[in-house]
Amino acid sequence: MKLLDALKWRYAVKKMNGTKIPAEKLDNILEATRLAPSAFGLTPYSIIVVEDEETRKKLQPAFYNQSQVVDGSAVIVFATWTSVTEKEVGEYMADIAEQRGVAVETLNDFAGYINGSLKNLTPEQASIWAAKQAYLALGFGLVAAAAEEVDATPMEGFMPDAVDEVLGLKALGLHAAVAMTLGYRDAANDYLVNAKKVRRVNEKLIIKK
Ligand SMILES: Cc1cc2nc3c(=O)[nH]c(=O)nc-3n(C[C@H](O)[C@H](O)[C@H](O)COP(=O)(O)O)c2cc1C
């Protein structure tokens, strides 16, 4: 499907039909989220993939019992780092050095620039900043799912602390920021399946100067 056709086809599915997504499609969607850009390239989040049915059942109450959590095929939780320090920046520099085949010392100025930018953020500001990056990855995931003709529902209707608890995220230095469920629409039972897509009209949304 062409990109715009895929984006017109997709919608935030309310009722999924329990069909499993082929592993290759799931991998492609995850790879697209991995390719999302982030500020400095730091990717201050992890992407938690929950296919296991029992774990999804445990997650459902934390998602205010939204049915897609169990009727879908996978729940993807974008969980931000609870602390962004020189340690994480150092690990990122090591990754760049390894993957680009350069000496890590050549990245000292870059590391200093990132550390200088981040050190003035309060923990709350750092958390909001990290969440912005995670939402961008969510966007890439939603587009990739549409391109794979897999349904996806973006979700922030959940209790973050409860999701952290079920998935043991606190111990990993992570906090649930946003999520999406992946699966296939239950066309017979989803009240939104034929609903016209509503967006602000071009003239109001896009301001050309
Ligand atoms: C960040 C975000 C969080 C959302 N949270 C939920 C949610 O928890 N449950 C749900 O059913 N839909 C959720 N939605 C879906 C929106 O209601 C939906 O994307 C919007 O109405 C536009 O419709 P469309 O995606 O079907 O085109 C969320 C969307 C976004 C972008």
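Is tyrosine 64 buried or exposed, judged by its C-beta neighbours inside 10 Å? Select tyrosine 64 to begin: with 12 C-beta neighbours inside 10 Å, this residue counts as exposed, where a residue is exposed if 12 or fewer other C-beta atoms lie within 10 Å of its own, buried if 20 or more do, and partly exposed in between, with C-beta atoms placed from the backbone.

Before going on, note that this is a predicted model, in which local features need pLDDT of at least 70 and side-chain atom pairs count only at pLDDT 80 or more, while totals for chains, interfaces and linings use all residues. Residues are numbered from 1 along each chain as its sequence is written.

**The loop between H3 and H4**

Stay with tyrosine 64, which sits in the loop between helix H3 (53-59) and helix H4 (68-71); helices (H or I, at least four residues) and strands (E, at least two) are DSSP runs, numbered from the N terminus. Although tyrosine 64 is not a glycine, its phi is positive, at about 50°. Select asparagine 65 next, which is also in the loop between H3 and H4 and has a positive phi of about 60° without being a glycine. Asparagine 65 has 9 C-beta neighbours inside 10 Å and therefore counts as exposed.

**The whole chain**

Zoom out to the protein chain, which has nine helices and four strands, in the order α-α-β-α-α-β-α-α-α-β-α-β-α from the N terminus on. Its C-alpha atoms fill a box of roughly 60 × 50 × 35 Å along the principal axes, and 33% of its 209 residues count as buried.

**The ligand and its shell**

Now select the ligand together with the residues around it, namely Tyr11, Ala12, Lys14, Gln66, Thr153, Pro154, Met155, Glu156, Gly157, Val178 and Lys197; a residue is near a molecule if its C-beta atom, placed from the backbone, lies within 6 Å of it. Strand E3 (residues 151-155) gives the most to this shell, with three residues. By class the shell has five nonpolar, three polar and three charged residues, where Ala, Val, Leu, Ile, Met, Phe, Trp, Tyr, Cys and Pro count as nonpolar, Asp, Glu, Lys and Arg as charged, and the others, Gly among them, as polar.

From the shell, pick out tyrosine 11, in the loop between helix H1 (3-9) and H2, which is partly exposed, with 18 other C-beta atoms within 10 Å. Leaving aside neighbours within four places in sequence, tyrosine 11 is in contact with Leu192 and Lys197, contact being defined as C-beta atoms, placed from the backbone, within 7 Å.

**Two helix pairs**

Select helix H5 (residues 86-100) and helix H6 (residues 108-118), which pack at an angle of about 150° with their axes 10 Å apart; axes are lines fitted to C-alpha atoms, for helices over the stretch in contact, and angles run from 0 to 180 degrees between N-to-C directions. The contact involves Glu86, Val89, Gly90 and Met93 of H5 and Ala111, Ile114 and Asn115 of H6, and by class it has four nonpolar, two polar and one charged residues.

Finish with helix H2 (residues 23-34) and helix H7 (residues 123-147), packed at an angle of about 145° with axes 8 Å apart. Here Asn28, Ile29, Ala32 and Thr33 of H2 meet Ala137, Phe140, Gly141, Ala144 and Ala145 of H7, a contact that divides into six nonpolar, three polar and no charged residues.

How values were computed: Contact = placed C-beta atoms within 7 Å.
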